Amino acid sequence: MREADSAFLACAVIATAVAVAAGTCEQARAQDRHDRELALAVARLTVNESGWHSPADGALIWQVVQGRGTSSRERLAWLRRHSPRVMGARPCAGGNCAWTAYLDGDRRPRGYPEGAAWVPARWRAVRAQAEALVGGTWEGALPCPRAPMTWDARAGGAEGRGWRPVGCIGTRNEGYTR
């Protein structure tokens, strides 16, 4: 092989490797963005459904979400369909979704109840748990003995709609399956 041909081949291999790496980096950035969005959505739902102090409910919600897709993008799309008011996709007429849809960063969310203390550390703790759940680094126990398909308040009427409780432990809500 001539030296010029060898140099051309080396440049072609390097250019291909750079293109593959750039594509891989772009995919990784997109996955990171979806992971961050999913963690924020799980955190918002946790607060909306159970308040500031129920990590077990955050894990329950994650158990449901985890079974609703194979990627963060798919799971986030499911959450947007399942809980459009909390995700900010549909108007909220009242209740927690009037402000949980605006939880982000450490600032007091729009619509947060007047007179209620805003404690950013509580929100940071819920977000940290959601990030660990989505990232696969959470070391806590999962509250449900098997993966639920949805959740509802224990007295929310899910059983009357054909859902069966799975027996979650330590949660304010219950996980349900068909």
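The protein chain contains 5 helices and 3 strands, and from the N terminus on these elements follow the order α-α-α-α-α-β-β-β. The model is a predicted one, and every value below was computed from it. Of the 178 residues of the protein chain, 37% count as buried. Among the contacts in the protein chain with a separation of 6 or more, 55% are accounted for by residues 24 or more positions apart.

**Helices H2 and H3**

Two packed helices are described by the angle between their axes and the distance between the axes. Helix H2, residues 55-66, packs against helix H3, residues 72-82, at an angle of about 110°, and their axes are 9 Å apart. H2 is therefore roughly perpendicular to H3, since angles from 65 to 115 degrees are classed in that way. On the H2 side the contact is made by Trp 62, Val 64, Val 65 and Gln 66, which meet Arg 75, Trp 78 and Leu 79 in H3.

**The disulfides**

How many disulfides does the count come to? The count comes to 2 disulfides, and when the bonded cysteines of the protein chain are numbered in sequence order, the pairing reads 1-2, 3-4. The table sets out the sulfur distance and the torsion about the S-S bond for each pair.

| Pair | Sulfur atoms apart | Torsion about the S-S bond |
|---|---|---|
| Cys 92 and Cys 97 | 1.8 Å | about 70° |
| Cys 144 and Cys 168 | 2.0 Å | 95° |

For Cys 92 and Cys 97, the torsion of about 70° about the S-S bond is the reason why this disulfide is right-handed. Cys 92 has 23% relative accessibility and so counts as partly exposed, whereas Cys 97 is buried, because its relative accessible area is 10% and buried means under 20%.

The link of Cys 144 and Cys 168, with 95° about the S-S bond, is right-handed. Cys 144 lies in the loop between helix H5 (120-135) and strand S1 (150-153), and Cys 168 lies in the loop between strand S2 (164-165) and strand S3 (173-177), so this pair ties together parts that are 24 residues apart in sequence. Cys 144 is buried, with a relative accessible area of 6%, and Cys 168 is buried as well, with a relative accessible area of 7%.

Is Glu 174 buried or exposed? Glu 174, which has its place in strand S3, is buried, with a relative accessible area of 6%. The side chain of Glu 174 is joined to the side chain of Arg 154 by a polar contact of 2.9 Å. The side chain of Glu 174 also reaches the backbone nitrogen of Cys 168 at 2.9 Å, and Cys 168 is the cysteine whose sulfur atom is paired with that of Cys 144.

Which residues is Glu 174 in contact with, leaving aside its neighbours within four places in sequence? They include Leu 60, a position that falls within helix H2 (residues 55-66). Thr 150, Trp 151 and Asp 152 are also among them, and these three positions fall within strand S1 (150-153).

Methods
Residues numbered from 1 in each chain as written. Predicted model: local features only at pLDDT ≥ 70, side-chain atom pairs only at ≥ 80, totals over all residues. Heavy atoms only, no water. Disulfide = S-S within 2.5 Å. Buried < 20%, exposed > 50% of the residue type's maximum accessible area, 1.4 Å probe, protein only. Helix = DSSP H or I, 4+ residues; strand = E, 2+ residues; numbered from the N terminus. Polar contact = N/O pair within 3.5 Å; in protein donor to acceptor, adjacent residues only side chain to side chain. Contact = heavy atoms within 4.5 Å. Axes fitted to C-alpha atoms, helices over the stretch in contact; angles between N-to-C directions. Parallel < 35°, antiparallel > 145°, perpendicular 65-115°, else oblique.
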